[in-house]
Amino acid sequence: MTQTSENVTWLTQEAYNKLKDELEYLTGPARTEIAAKIAAAREEGDLRENGGYHAAKEEQGKQELRVRQLTQLLENAQVGEAPASADGAVAPGMVVTIAFDGDEDDTLTFLLASREYASADVETYSPQSPLGSGVIGHKVGEDAEYELPNGKKASVKILKAEPYSG
């Protein structure tokens, strides 16, 4: 099956290992724990009015959703190094600084990556977001355009683009 760049998520080996460990926990010990909670709540009697049972089932549903998300993400992941800034073009895995409407006093610095890369140190924008898709491929010093939710276009100037060092 051929993968397009839209459904591939680039991950460092460290990020891949972290997500794989989370998946192994959720499909192993976490499933056992939630099954025990459900069984204990079921023993309390009438399930229609059993808050503990319903809470445990809801938790199980959220856990299984995360398992499906992680499975899909890891199946479509490409493991490798963050992009080099050799050609200076904005790419996923880079920290980008932009100026809105060319005003260098009105700037935003963000990591262009999936939310799995999200860091408390820097705001994260998805490559599929309007801003993310608008700046990909542009080089430092170039102007880029993206569409706002109201349908209007916004202009930004790429001030910096550097590989994320995490």
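**A conversation about the model**

Guide: Strands β3 (residues 94-100) and β4 (residues 107-112) run antiparallel and are joined by 6 bridges. Helices (H or I, at least four residues) and strands (E, at least two) are DSSP runs, numbered from the N terminus, and two strands pair if DSSP finds at least two bridges between them. This is a predicted model, in which local features need pLDDT of at least 70 and side-chain atom pairs count only at pLDDT 80 or more, while totals for chains, interfaces and linings use all residues. Residues are numbered from 1 along each chain as its sequence is written, and side-chain values use heavy atoms, with hydrogens and water left out.

Visitor: Which residue is the bridge partner of Met94 in β4?
Guide: The partner of Met94 is Leu112.

Visitor: In what order do the 5 strands of the sheet come?
Guide: The order is β5-β4-β3-β7-β6, in an open sheet with mixed pairing. β5 (123-125) and β6 (143-147) each have a single partner strand, so one side of each edge strand lacks a neighbour in the sheet.

Visitor: How do β6 and β7 pair?
Guide: They pair in the antiparallel sense over 5 bridges, and Ala144 stands opposite Val156 in β7. The two strands form a hairpin with 5 residues between them, and Gly151 in the turn has a positive phi of about 95 degrees.

Visitor: Which residues make up the covered face of β6?
Guide: Ala144 and Tyr146 form the covered face, whereas Asp143, Glu145 and Glu147 form the uncovered one.

Visitor: Which residues touch the most other members of the largest nonpolar core?
Guide: They are Val90, Val96, Ile98, Phe110, Leu131, Val135 and Ile158, out of 15 residues in that core. β7 (153-163) is among the elements giving two or more residues to this core, and β7 gives the most, with 4 residues. A nonpolar core is a set of buried Ala, Val, Leu, Ile, Met, Phe, Trp, Tyr and Cys residues joined through side-chain atoms within 4.5 Å. Buried means under 20% relative accessible area, exposed over 50%, and partly exposed in between (1.4 Å probe, protein chains only).

Visitor: What does Val135 touch?
Guide: Not counting residues up to four places away in sequence, Val135 touches Val90, Ile98, Phe110, Leu112, Ala144, Val156 and Ile158. Contact here means heavy atoms within 4.5 Å.

Visitor: Moving to another topic, how many salt bridges are there?
Guide: The count comes to 4. A salt bridge is a side-chain nitrogen of Lys or Arg within 4 Å of a carboxyl oxygen of Asp or Glu. In one of them, Glu22 pairs with Arg66, with the closest N and O atoms 2.9 Å apart. Glu22 lies in helix α1 (residues 13-27) and Arg66 in helix α3, so this pair ties together parts that are 44 residues apart in sequence.

Visitor: Is Arg66 buried or exposed?
Guide: Arg66 is buried, with a relative accessible area of 16%, while Glu22 is partly exposed at 28%.

Visitor: Where does Asn50 lie?
Guide: Asn50 lies in the loop between α2 (29-42) and α3 (51-75). Asn50 is buried, with a relative accessible area of 5%.

Visitor: Which residues is Asn50 in contact with?
Guide: Leaving aside neighbours within four places in sequence, Asn50 is in contact with Ala41, Arg42, Glu44 and Gly45. The side chain of Asn50 reaches the backbone oxygen of Ala41 at 2.6 Å.

Definitions and conventions
A polar contact is a pair of N or O atoms within 3.5 Å; within protein, one must be able to donate a hydrogen and the other to accept it, and residues adjacent in sequence count only if both atoms are side-chain atoms.
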